[in-house]
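Subject: Structure handover

Hello,

Here is the structure I promised to pass on. Please open it and follow along with the notes below.

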Amino acid sequence: MIIDLHIHSNHSSDGEYAPEEILQYVKRKNIKYFAIADHNTVSGYCNLKNYNQGISTVMIPASEFSTFFGEHEVHVLAYGIHYEDQALISVFETINKNKLKQAHARVKALKNLGFKINFDDLMEHAVGNVPSGVTFLNTLLKNEDNKTLLSEYIEGEKSYSPYTSFYFDFFAKGGLAHVHVPLIDIGEFFDKMNGRAVFSMAHPILNPGNIMPDLFDFPFDAVEVFSSYHNSEEVRLFRSVADENKCFYTAGSDYHGPNVKPNIFMGVDCSLNPAIMEKLLEAIDRRNLYLYNL
């Protein structure tokens with residue numbers, strides 16, 4: 001059984017393909033269950049909620065939320081959400097307001113490093129979305145004056161995965177243009193959304209190990225044990241962590257497209273772990289949440 005509960009469309013701003021294109025790929029890969037889990041939005045899956053091609057697959061309404069635990073960004077996957085839920089809308093409003101503050105601060109930080117960039121150009125390249133690392137790099141590369149500073153991302157050793165490399169080099173904690181603008185506190189997020197979704201901790205290997213025990217003070221239902229970022233040893237580790245904290249497992253690729261994350265491919269083979277979907281669907285049904293049959 002092939003599933004993928006963590007796919008990004010171009011509604012994430014750092015995803016490459018439209019939701020309709022992703023659906024065609026899901027069909028070709030014979031993926032039984034999938035979720036377009038765009039960053040801090042549901043507009044991607046909303047594009048497909050009335051899209052019926054008679055294919056035998058189930059779409060789980062989802063989003064990936066950028067929460068903050070102190071100074072650490074922690075991504076939370078929420079499944080079974082409804083796009084008209086007022087608590088959900090409130091969370092998105094808080095995040096998007098702070099994303100714009102973050103974008104202003106990042107523009108200033110990049111200028112201080114000698115880059116030519118302004119906020120209006122950035123928003124033009126965002127095409128109605130909140131700016132992402134992809135948006136920033138694309139905007140910077142439109143100005144010839146920036147290309148010398150970015151040569152390693154254009155044709156150097158980082159050109160194989162320029163967007164991901166740029167993000168970690170500049171915007172991640174410790175990066176050259178890092179700014180600390182928390183998008184939403186993880187406690188506030190769960191206070192608003194508790195009971196309104198099924199929650200999985202996204203790609204836990206990317207979270208600092210020292211905060212992991214404290215994260216389970218929050219009502220996580222699951223851990224994304226099967227992830228493109230985890231090798232077999234890490235899968236065993238996070239299965240143990242999930243079991244210890246009475247969480248079930250989820251599986252997702254974190255697919256963005258070949259230019260953004262070239263080593264990540266859609267679809268996770270869960271033939272040996274059928275309980276993944278059983279437990280997720282049970283939790284969605286128990287909370288009277290939402291699914292879409294396509």
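Buried means under 20% relative accessible area, exposed means over 50%, and partly exposed lies in between. Lysine 147 has a relative accessible area of 29%, so this residue is partly exposed. Its salt-bridge partner is glutamate 144, at 3.0 Å from N to O. Glutamate 144 reaches 56% and therefore counts as exposed. Keep in mind that the model is predicted.

**Salt bridges**

There are seven salt bridges in the structure. One of them joins glutamate 71 and lysine 173, with the closest N and O atoms 2.5 Å apart. These two residues sit 102 residues apart, in the loop between β4 and β5 and the loop between α7 and α8. Glutamate 71 is partly exposed at 45%. Lysine 173 is partly exposed at 49%.

Aspartate 221 pairs with arginine 287, again in a salt bridge. Aspartate 221 is buried at 14%, while arginine 287 is partly exposed at 27%.

**Aromatic rings**

The count of aromatic pairs is 19. In one of these, the ring centres of phenylalanine 65 and phenylalanine 189 are 4.8 Å apart. Their planes meet at 45 degrees, so the pair is tilted. Phenylalanine 65 belongs to strand β4 and phenylalanine 189 to helix α8, so the pair ties together parts 124 residues apart in sequence. Phenylalanine 65 is buried at 0%. Phenylalanine 189 is buried too, at 0%. Both belong to a cluster linked by ring pairs, which also includes Phe92 and Phe220.

**Charges over rings**

The charged end of arginine 106 sits over the ring of phenylalanine 171, 4.2 Å from its centre. Lysine 32 does likewise over tyrosine 33, at 5.9 Å.

Best wishes

Technical notes
Residues are numbered from 1 along each chain as its sequence is written. This is a predicted model: local features need pLDDT of at least 70, side-chain atom pairs count only at pLDDT 80 or more; totals for chains, interfaces and linings use all residues. Side-chain values use heavy atoms; hydrogens and water are left out. Rings of Phe, Tyr and Trp (its six-membered ring) pair if their centres lie within 6.5 Å; planes under 30 degrees apart count as stacked, over 60 as edge-to-face and the rest as tilted. Helices (H or I, at least four residues) and strands (E, at least two) are DSSP runs, numbered from the N terminus. Buried means under 20% relative accessible area, exposed over 50%, partly exposed in between (1.4 Å probe, protein chains only). A charge sits over a ring if NZ of Lys or CZ of Arg is within 6 Å of the ring centre and within 35 degrees of the ring normal. A salt bridge is a side-chain nitrogen of Lys or Arg within 4 Å of a carboxyl oxygen of Asp or Glu.
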